[in-house]
Amino acid sequence: SVEGWVVGEQDTILHSSDNGESWSPRPTGLGSAYTWHGVRFFTPTHGWVVGSNMTAAYTSDAGASWNVSYTSPGSGQSLYAVLGVAMDSVHVVGDGGAVLHTTDSGGSWTSQSSGTAARLTGGQFITNLTGYLTGEAGALLKTTDAGATWTATSSP
């Protein structure tokens with residue numbers, strides 16, 4: 001069967017293990033004020049959600065419980081996507097060109113300068129070092145050093 005995850009408003013996190021025929025709630029318990037914008041699972045049990053208040057939370061038990069790893073309450077800003085090739089080394093991106101990176105499964109986070117103030121909403125890492133970010137106003141950024149530097153690029 002194919003696993004699936006969706007997220008949304010009011011702490012909505014849903015999981016399907018039967019190709020989307022049925023869905024079961026897996027909320028974080030943070031409350032209905034939380035809106036989740038992005039979800040990424042690296043294994044059937046290990047994954048991340050990101051959303052309002054610049055919050056990133058992870059699970060290691062398929063969503064039975066969630067641990068907040070990063071948050072900025074009252075910021076009025078959000079995170080929108082989780083990028084990476086492994087659970088322990090991920091980037092999360094969001095409002096105001098925000099890029100945060102962890103190399104220890106969320107134990108600590110480093111802010112990386114994206115060089116843009118655009119809302120970043122997605123992207124993809126090809127390897128631990130090479131990745132792309134996308135965002136509003138046509139933002140397209142590339143790194144070849146795990147995000148230490150980001151360079152604006154154009155699409156073909």
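This passage describes the overall architecture of a predicted protein model and the surroundings of selected residues.

The structure is a predicted model, in which local features need pLDDT of at least 70, side-chain atom pairs count only at pLDDT 80 or more, and totals for chains, interfaces and linings use all residues. Residues are numbered from 1 along each chain as its sequence is written, and side-chain values use heavy atoms, with hydrogens and water left out.

The protein chain contains 15 strands and 0 helices; these elements are DSSP runs numbered from the N terminus, with helices defined as H or I of at least four residues and strands as E of at least two. Its radius of gyration is 15 Å, close to the 15 Å that the globule rule gives for 156 residues, so the protein chain is as compact as a globular protein of that length. The radius is taken over C-alpha atoms, and the globule rule is 2.2 Å times the number of residues to the power 0.38. Along the principal axes, the C-alpha atoms fill a box of roughly 40 × 35 × 30 Å.

Of the 156 residues in the protein chain, 43% are buried. Here buried means under 20% relative accessible area, exposed means over 50%, and partly exposed lies in between (1.4 Å probe, protein chains only). The protein chain exposes about 7400 Å², of which carbon and sulfur atoms supply 49%; accessible areas come from the Shrake-Rupley method with a 1.4 Å probe, and for residues only the protein chains shown count as cover. Among contacts (heavy atoms within 4.5 Å) with a separation of 6 or more, 32% are between residues 24 or more positions apart. The protein chain carries 4 positive and 11 negative side chains, and the centres of the two sets lie 7 Å apart. In this count Lys and Arg are positive and Asp and Glu negative, while His and the chain ends are not counted; each charge is placed at NZ of Lys, CZ of Arg, CG of Asp or CD of Glu.

Strand β6 (residues 55-59) includes T59, which counts as buried because its relative accessibility is 0%. Leaving out residues up to four places away in sequence, T59 touches F41, T45, H46, G47, A64, S65, W66 and M87. Several polar contacts involve this residue, a polar contact being a pair of N or O atoms within 3.5 Å; within protein, one atom must be able to donate a hydrogen and the other to accept it, and residues adjacent in sequence count only if both atoms are side-chain atoms. A polar atom of the T59 side chain lies 2.9 Å from the backbone nitrogen of G63, and the side chain also reaches the backbone oxygen of S65 at 2.8 Å. The side chains of T59 and D61 are joined by a polar contact of 2.7 Å. D61 belongs to the loop between β6 and β7 (67-70) and is partly exposed, at 31% relative accessibility. A further polar contact of 2.7 Å links the side chain of D61 to that of S65.

S114 occupies the loop between β11 (110-112) and β12 (120-125) and is buried, at 4% relative accessibility. A polar atom of its side chain lies 3.3 Å from the backbone oxygen of T116. Beyond neighbours within four places in sequence, S114 is in contact with G97, V99, L120, L141 and W150.

R40, in strand β4 (residues 36-41), is partly exposed with a relative accessible area of 26%. Its side chain reaches the backbone oxygen of G84 at 2.9 Å. R40 also touches G47, W48, V82, L83 and G84, residues up to four places away in sequence not being counted. R40 and L83 are 43 residues apart in sequence, yet their C-alpha atoms are 7.7 Å apart in space.

Two residues other than glycine have positive phi values. N19, in the loop between β2 (12-16) and β3 (24-25), has a phi near 60° and is exposed, with a relative accessible area of 52%. S105, in the loop between β10 (99-102) and β11, has a phi of about 60° and is partly exposed at 31%.
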